[in-house]
Amino acid sequence: MQDNEGQNTKLMGRLWRSTRRAFLSAAQRFGQNWAELVLFALVFQAAQTVLLAPAGHWALARIVSGSGDVVLGNEEIALFLLSARGAIGLLVILLALFTVDVAQRVGMLWIGARALHGKDGTAHEALMRTVVLAPRLLRLTGHQLLRILLWIGPVLAFAGAVFYAVVADHDLFYLVSVRPPPFWYGVGGLSVLGLLGLIFLVRLRIVWVYAPALLLFEECAPRTALRRSRDMARGHFREIAAPLLLWWLGVTVAGSAMAAALLWIGERATSGAGSLDATLAIAAGLVAAHVLLTGFLVFATWAGEAMITLHLYRRERTETIVSAPETSRRKKHSRLFPLAIAGALVMLGIVTARIVAGLADVERDVSVTAHRGDSVSAPENSLSAIRAAIDAGADYAEIDVQEIADGSIVVFHDTDLKRITGSPKKIWEVDLDEVRALDAGSWFSEEFRDERIPTLKEAIAVARGRIRLNIELKFHGREKRFVESVLQILRTEKFEADCVVSSLHLEGLKEVRRRAPDLVIGFIVFEAVGDLTKLDVEFLSLRAAIATPGLVDRARRVGKTVHVWTINTDSEMAYFVDLSVANIITDKPALLRRVLNERNSLDDQEKLLLALHHWWAR
């Protein structure tokens with residue numbers, strides 16, 4: 001036992017000493033080359049923005065256009081990726097991302113290594129070197145991607161089989177909300193597979209750490225570089241992994257600490273601002289500092305990893321790179337350095353001005369949508385939930401509609417009846433008489449024992465003149481006249497002007513547009529590939545995680561409004577109000593109405609401070 005403890009202590013001591021040497025060496029290399037490293041990073045990022053990003057958008061548009069549309073959304077993504085064109089497109093995108101990653105590391109390695117010969121490693125030389133090596137870098141990343149897929153492909157296939165086995169006989173929302181044993185079996189299995197996959201990818205990143213250096217300094221063929229890197233890492237994995245993992249962790253922790261400190265300073269600075277102009281000036285400084293901090297952390301991650309890699313490579317290949325005697329001469333920075341810094345500051349000013357202008361626009365007009373009615377106060381999608389949404393002050397009640405066996409249109413969310421009524425039948429297997437016989441309220445509370453699943457006509461009757469409806473079309477794949485029937489009801493009830501129609505199913509929305517071109521329609525987006533702003537819809541209903549400031553701004557500029565779902569905390573509500581979305585969908589409409597009323601009671605300076613806080617906290 002004592003021998004094992006002694007061995008562990010020696011191992012930890014050896015790892016600490018090797019990690020310390022790696023950090024000291026990396027710091028020395030960085031100190032000698034910081035200006036050229038910064039210049040390289042700025043020019044490389046500019047090239048990505050000016051050249052690579054547009055090329056990537058063009059390529060993505062070409063790939064997506066093969067599906068016959070400008071956007072792939074929700075289930076269409078999975079179906080497209082399973083096609084030959086989609087799989088090839090995904091591989092092309094991954095190959096490009098991998099190549100850019102390796103190219104940036106190669107450029108920084110070149111700059112750091114030149115100083116070891118007593119020469120100045122310029123950013124210009126590094127950029128030219130990455131351009132010359134581009135074909136070989138592409139082949140290198142191609143081999144890496146192929147090997148990853150050969151290992152990870154069967155794991156993904158198995159994960160897909162586990163997922164299908166869990167959801168095949170159950171409605172997905174039933175599994176997520178009720179969480180029966182099959183749900184936990186699936187979560188456990190997928191979590192284990194996900195963790196194993198992550199460990200595998202991190203291990204490959206560490207094992208292949210020498211490959212870019214071997215390709216750069218020894219002109220190895222890509223496959224040879226990967227093989228030699230693996231051989232060099234054999235027996236030294238811990239000594240390689242320790243400094244790299246510690247650096248990644250350190251940058252993350254330091255970034256969080258600096259962001260928290262900046263927020264603390266900002267809160268105290270803005271609390272003493274005496275006017276709106278002073279608050280705007282402080283906000284501009286804080287936003288600029290935040291943008292700079294973010295850029296610095298990204299740069300530090302890349303540069304630190306490159307300098308650590310260079311130290312590790314030198315240790316193994318001393319015959320390739322020989323240390324030069326230390327000199328005290330001052331290196332002359334590239335003439336482009338001041339220009340690059342000036343350009344970066346100009347871009348910083350533009351980004352800061354745009355963000356602050358958005359924060360300073362304190363007037364907000366946000367509508368409240370009660371998700372499935374007020375589903376906190378009454379059973380979801382029930383007439384009682386619609387009445388509760390009216391009482392809560394909501395502008396819209398969102399309801400889900402589906403076609404059942406006899407062609408009737410009912411207000412119901414799940415594909416089966418189990419969660420709400422206890423019946424195991426699928427929604428398309430029952431007719432209206434069977435639906436009306438089911439108790440759809442007892443699951444919520446005894447107070448609603450007599451609640452029934454309503455028809456769309458009944459929901460319209462309750463809502464008319466009191467609240468607008470957001471009618472979500474739920475497609476289950478067995479419809480006969482679904483869209484036609486819904487539109488016929490809206491026309492018969494003369495309710496077109498008092499509702500909007502939305503769906504996760506893009507093809508269904510296209511049919512709505514063809515049959516009712518004047519109806520306001522919106523695409524519900526869980527995930528999407530392509531330019532959402534080019535869709536022929538009036539609004540985008542976005543999952544909160546993808547409702548970014550950039551997407552909201554782009555949609556607004558082309559005349560589309562943004563709805564965001566499902567927002568249930570006051571902090572999230574306040575954030576999206578300040579993001580200027582047009583509509584917030586929530587299970588708690590009364591809370592959202594209170595948040596809006598409280599915000600409207602503030603003066604402009606207080607609203608600006610609140611918007612700044614929410615932007616920063618996000």
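Which residues are buried in helix α20 (residues 570–578)? The close-ups below start there.

This is a predicted model, in which local features need pLDDT of at least 70, side-chain atom pairs count only at pLDDT 80 or more, and totals for chains, interfaces and linings use all residues. Residues are numbered from 1 along each chain as its sequence is written, and side-chain values use heavy atoms, with hydrogens and water left out.

**View 1. Helix α20 and the residue Ser580 that comes after it.** Met573, Ala574, Tyr575, Phe576, Val577 and Asp578 are the buried residues here. Buried means under 20% relative accessible area, exposed over 50%, and partly exposed in between (1.4 Å probe, protein chains only). Helices are DSSP runs of H or I with at least four residues, strands are E runs of at least two, and both are numbered from the N terminus. After α20 comes Ser580, with a positive phi near 70 degrees.

**View 2. Helices α10 and α11 crossing.** Helix α10 spans residues 237–271 and helix α11 residues 276–316; their axes come within 10 Å and cross at roughly 170 degrees. Axes are lines fitted to C-alpha atoms, for helices over the stretch in contact, with angles from 0 to 180 degrees between N-to-C directions. The two helices are therefore roughly antiparallel to each other, a label for angles over 145 degrees. Their contact residues divide into 19 nonpolar, 7 polar and 3 charged. Here Ala, Val, Leu, Ile, Met, Phe, Trp, Tyr, Cys and Pro count as nonpolar, Asp, Glu, Lys and Arg as charged, and the others, Gly among them, as polar.

**View 3. Strand β3, buried on both faces.** All 8 of the 8 residues of β3 (residues 396–403) are buried, so the strand is largely enclosed by the rest of the structure. In a regular strand, side chains alternate between the two faces of the sheet. On one side of β3 sit Tyr396, Glu398, Asp400 and Gln402, and on the other Ala397, Ile399, Val401 and Glu403. Strand β2 (residues 367–371) runs parallel to β3, joined to it by 3 bridges; two strands pair if DSSP finds at least two bridges between them. Ala370 stands opposite Ala397.

**View 4. Asp604 and Ser275, 10.0 Å apart in space, C-alpha to C-alpha.** In sequence, these two are 329 residues apart. Asp604 lies in helix α22 (residues 604–617) and is partly exposed, at 36% relative accessibility.

View 5. The structure holds 0 disulfides, a disulfide being a pair of cysteine sulfur atoms within 2.5 Å.

Methods: Parallel < 35°, antiparallel > 145°, perpendicular 65-115°, else oblique.
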